[in-house]
Amino acid sequence: MSSLGVGVSPGNVPVHHGTDLKVFDRRVRLGELILRCVICILALLAAVLIASDTQVKKIFSIQKKAQFTDMKALVFLVVANGIAAAYSVVHVLRCIVSMVRGSVIFSKPLAWAIFSGDQIMTYSCLAATASALQAALFSKMGEPTLQWMKVCTMYGKFCNQVGEGIASAVIASLSMVILSAISAFSLFRLYGNNKDKNNARW
C-alpha cells in the first residue's frame, strides 16, 4: 500500500518503454555510424596503399616494375574496397541525416535495400580479401611443387606495402560483418513490431 492508500501493482507502475526504445535506437544508429566511418577509412586506405604501390627491380640489365595490376587478386581487392568506401560514404551521410532528424527506419523496402546492400558489400569484400591474402602468401612463401618462386625476396618494399593494405582490408571486412548483423537486426525488428501490434489487437 502507498501513503495515499492506493495499492501499487505492476498494472499501475509507469514503465517508460518509449524512452528506453529511443535511447536504444540512438545507440544503434551511433554504432552504425561509427562502423561505417571505420569501414570507409580502412577500405579507402587499403585501396590507396595497394593501388599506389610500385617497385622497380633491375634483373639482368632489364628493369621490371611491380604493380598491383600484375595480380588479378589485388585488382579485385582495390576495386571492391573502392566501391565499399564509396558505399560507406553514402550511408554515413544517411546516418547523420537520420540522427539529426531523430528518425528511425520504419520503411521495410528501405530496410531491405540497406540489408541487401550491406550483405553484398560484405561478401564481396570478404571474397576479395581472401583471394588477395592467398595470392600474398604464395608471393611470400612460394610454391616449390609448382616451381613458383618467392617474389617478395626481390620486391620486399612492394610486398610490405601490399601487406599493410591487406591488413586494412581484413579489419574493414570484419567491421562489415558486424555491420551486417546490425542491419539485419534493424530489418527484422520491424517484423517483430508488427507482431506485437497484432498481439495487442487481440
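A salt bridge is counted here wherever a side-chain nitrogen of Lys or Arg lies within 4 Å of a carboxyl oxygen of Asp or Glu. The legends describe a predicted model, in which local features need pLDDT of at least 70 and side-chain atom pairs count only at pLDDT 80 or more, while totals for chains, interfaces and linings use all residues. Residues are numbered from 1 along each chain as its sequence is written, and side-chain values use heavy atoms, with hydrogens and water left out.

**View 1. The salt bridge between Arg 36 and Asp 118.** The side chains of these two residues meet at 2.9 Å, N to O, and the pair links distant parts of the chain, since Arg 36 belongs to helix α1 and Asp 118 to helix α3, 82 residues apart; helices (H or I, at least four residues) and strands (E, at least two) are DSSP runs, numbered from the N terminus. Arg 36 and Asp 118 are both buried, where buried means under 20% relative accessible area, exposed over 50%, and partly exposed in between (1.4 Å probe, protein chains only). Salt bridges that share partners join Glu 32, Arg 36, Arg 94 and Asp 118 into one network, and the count by this rule comes to 4 salt bridges.

**View 2. The salt bridges of Glu 32 with Arg 36 and with Arg 94.** Glu 32 and Arg 36 meet through their side chains at 3.0 Å, N to O; these residues are 4 apart in helix α1 and therefore separated by about one helical turn. The side chains of Arg 94 and Glu 32 meet at 2.5 Å, N to O, and because Arg 94 lies in helix α2 and Glu 32 in helix α1, the pair ties together parts that are 62 residues apart in sequence. Arg 94 counts as partly exposed at 21% relative accessibility, whereas Glu 32, at 9%, counts as buried.

View 3. With a relative accessibility of 1%, Arg 36 counts as buried. Not counting residues up to four places away in sequence, Arg 36 touches Tyr 87, Ser 88, His 91, Val 92, Arg 94, Cys 95, Ile 114, Asp 118 and Leu 179, a contact being heavy atoms within 4.5 Å.

**View 4. Val 28 in helix α1 (residues 17–51).** Val 28 is buried, with a relative accessible area of 15%, and touches Ile 182 and Ser 186 when residues up to four places away in sequence are not counted. The C-alpha atoms of Val 28 and Phe 185 are separated by 9.8 Å, although these residues stand 157 residues apart along the chain.

**View 5. The largest pocket, with a volume of about 390 Å³.** Of its 22 lining residues, the closest to the centre are Met 71, Ser 139, Cys 152, Phe 158 and Cys 159, and the elements that give two or more residues to the lining are β2 (62–67), α3 (108–141) and α4 (156–201). On a 1 Å grid over the protein atoms alone, a pocket is an open set of points where a 1.4 Å probe fits, with protein on both sides within 12 Å along at least five of seven lines, and lining residues have an atom within 4 Å of a point. Grid points are joined across faces, edges and corners, and the volume is the space filled by probe spheres set on the points.
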